[in-house]
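Here is a short report for a reader new to this structure. Look at the sequence and the model first, then read on.

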Amino acid sequence: MEKEVSITQFFDAPRELVFKAWTDAEWLPQWHAPDNCTIQFKHLDVRVGGYFHSCVNNPEYGECWALGMYKEIIYPEKLVYTLSVADEEGNLTDPQSAGMNPDWPAETLVTVTFTEQNGKTKMVLTQTVNEALAKETGAYPSWLQMFERLNLRIVNN
């Protein structure tokens, strides 16, 4: 059983631009939510030790609050942050109380690396959650939808 989700995606853009899309307060809300959903950041401080507090609003399932702490930022190569289940006030909560699958970890670690090859960016995302669980809960396809939105945002830049 896989203990990590790993997704590789290619973007027809320099890695500085793709990295910016992950760290810029104007870019993030434009793509960082699955299809038919929106995201708002109640707090966003992209620096080591900084954190974000966000809410994905899904018209079918309602609000999903998250809290993340930035652990490592190497511009424009790597971004590492925690991703925890939270409530609207920013308190950590267990996934089951938030209406999620009880097997979902209360906190995962997300690592995103960016390498440039011939003007294109190879992005690799890993998240410390079982891949089968991520596929079952919709997290895995949600990442793919977000990356498609990111690609469209970059193309329309």
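## T121 and its polar contacts

A polar atom of the T121 side chain lies 2.8 Å from the backbone nitrogen of R15. The T121 side chain also reaches the backbone oxygen of P14, at 3.5 Å. Keep in mind that this is a predicted model.

## Where T121 sits

T121 is part of strand β7, which covers residues 120-127. Is T121 buried or exposed? T121 counts as buried because its relative accessibility is 0%, and buried means under 20%.

## The largest pocket

Now turn to the pocket. The largest pocket has a volume of about 1,100 Å³. Its lining draws two or more residues from each of these elements: β2 (38-44), β3 (51-58), β4 (62-74), β5 (78-85) and α4 (139-155). Which element gives the most to this lining? Helix α4 does, with 6 residues.

In total, 35 residues line the largest pocket. Nearest its centre lie V56, C64, M100, A139 and S142. By class, the lining has 20 nonpolar residues, 12 polar ones and 3 charged ones.

Notes: Residues numbered from 1 in each chain as written. Predicted model: local features only at pLDDT ≥ 70, side-chain atom pairs only at ≥ 80, totals over all residues. Heavy atoms only, no water. 1 Å grid on protein atoms, 1.4 Å probe; cavity = no way out; pocket = protein on both sides within 12 Å on 5 of 7 lines; lining within 4 Å. Points joined across faces, edges and corners; volume = space filled by probe spheres on them. Helix = DSSP H or I, 4+ residues; strand = E, 2+ residues; numbered from the N terminus. Nonpolar A, V, L, I, M, F, W, Y, C, P; charged D, E, K, R; others polar. Buried < 20%, exposed > 50% of the residue type's maximum accessible area, 1.4 Å probe, protein only. Polar contact = N/O pair within 3.5 Å; in protein donor to acceptor, adjacent residues only side chain to side chain.
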